[in-house]
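The sequence and structure follow.

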Amino acid sequence: MQLLRESVPSVRRLAILANAGYPAAIDEMQKVLAATKALGFEAATFEVRRAEDIESVFEAIKTHADVLYVCADPLVFANRVRIATLALGARLPTIYDNVAFVKAGGLISYGPSFTDMYRRSAEYVDKILRGAKPSDLPVEQPTKLDLVVNLTTAKALGLTVSPTLLARADEVIE
């Protein structure tokens with residue numbers, strides 16, 4: 001949420017989009033809601049359950065938000081291009097936790113580095129193949145987070161991304 005405030009300082013109203021049928025997305029939505037309130041944003045939640053719900057939800061989001069946070073799940077991920085297109089059409093800057101959304105046209109993502117997680121998974125497979133018991137290996141949380149900014153989307157929205165944020169980005173899409 002701090003990144004959001006840096007990239008779009010005028011933001012006051014945040015919409016959070018989540019799949020109501022996916023428990024992890026609902027949990028993420030609650031955490032984002034708590035963080036936004038702590039930072040003084042007004043926040044509203046919008047839920048989808050099917051791909052057909054996405055367009056109608058965007059009609060409501062457009063009138064209630066300056067920016068959109070999208071909680072990832074398989075339904076939303078499968079419709080990421082559609083969501084990015086609708087958000088751009090509604091002139092809503094978007095933030096995600098997955099780089100694939102930014103590559104589809106979203107503004108910013110900040111989340112786990114899947115490349116790093118795959119590498120760590122390969123190390124676990126190697127340990128198991130060498131005889132380690134899976135139950136003896138610790139559960140790990142992601143340790144590397146990637147910040148990705150889409151300057152093409154920023155320009156289309158009329159936003160200027162701060163040089164400080166661009167310098168911190170792991171990837172800038174132009």
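## Basis of the description

Contact means that heavy atoms lie within 4.5 Å. The structure is a predicted model, in which local features need pLDDT of at least 70 and side-chain atom pairs count only at pLDDT 80 or more, while totals for chains, interfaces and linings use all residues. Residues are numbered from 1 along each chain as its sequence is written, and side-chain values use heavy atoms, with hydrogens and water left out.

## Sheet and helix packing

Helices (H or I, at least four residues) and strands (E, at least two) are DSSP runs numbered from the N terminus; two strands pair if DSSP finds at least two bridges between them. Seen in these terms, 7 strands form an open sheet with mixed pairing, in the order β2-β1-β3-β4-β5-β6-β7. From one strand to the next, the twist averages 20°.

Strands β5 (residues 108-112) and β6 (residues 145-150) are antiparallel and share 5 bridges; tyrosine 110 is placed opposite leucine 147 of β6. Helix α5 (residues 80-89) lies across β1 (13-19), β3 (67-70) and β4 (94-96), at about 150° to β4. Axes are lines fitted to C-alpha atoms, for helices over the stretch in contact, and angles run from 0 to 180 degrees between N-to-C directions.

## Two buried side chains

Relative accessible area (1.4 Å probe, protein chains only) defines buried as under 20%, exposed as over 50% and partly exposed as in between. Threonine 153, in helix α8 (residues 151-156), is buried at 7% relative accessibility. Neighbours within four places in sequence aside, threonine 153 contacts Leu88, Gly105, Gly106 and Leu107. A polar atom of the threonine 153 side chain lies 2.8 Å from the backbone oxygen of glycine 105.

Aspartate 116 belongs to helix α7 (residues 114-129) and is buried at 15%. With the same exclusion of neighbours within four places, aspartate 116 is in contact with Thr143 and Lys144.

## Salt bridges

The whole structure contains 13 salt bridges, each a side-chain nitrogen of Lys or Arg within 4 Å of a carboxyl oxygen of Asp or Glu. Aspartate 66 and arginine 13 form one of them (3.3 Å, N to O). Aspartate 66 lies in the loop between α3 (53-64) and β3, and arginine 13 in strand β1, so this pair ties together parts 53 residues apart in sequence.

Glutamate 140 and arginine 120 form another salt bridge, at 2.4 Å, N to O. Arg50, Glu52 and Asp53 are linked in a salt-bridge network.

How values were computed. Polar contact = N/O pair within 3.5 Å; in protein donor to acceptor, adjacent residues only side chain to side chain.
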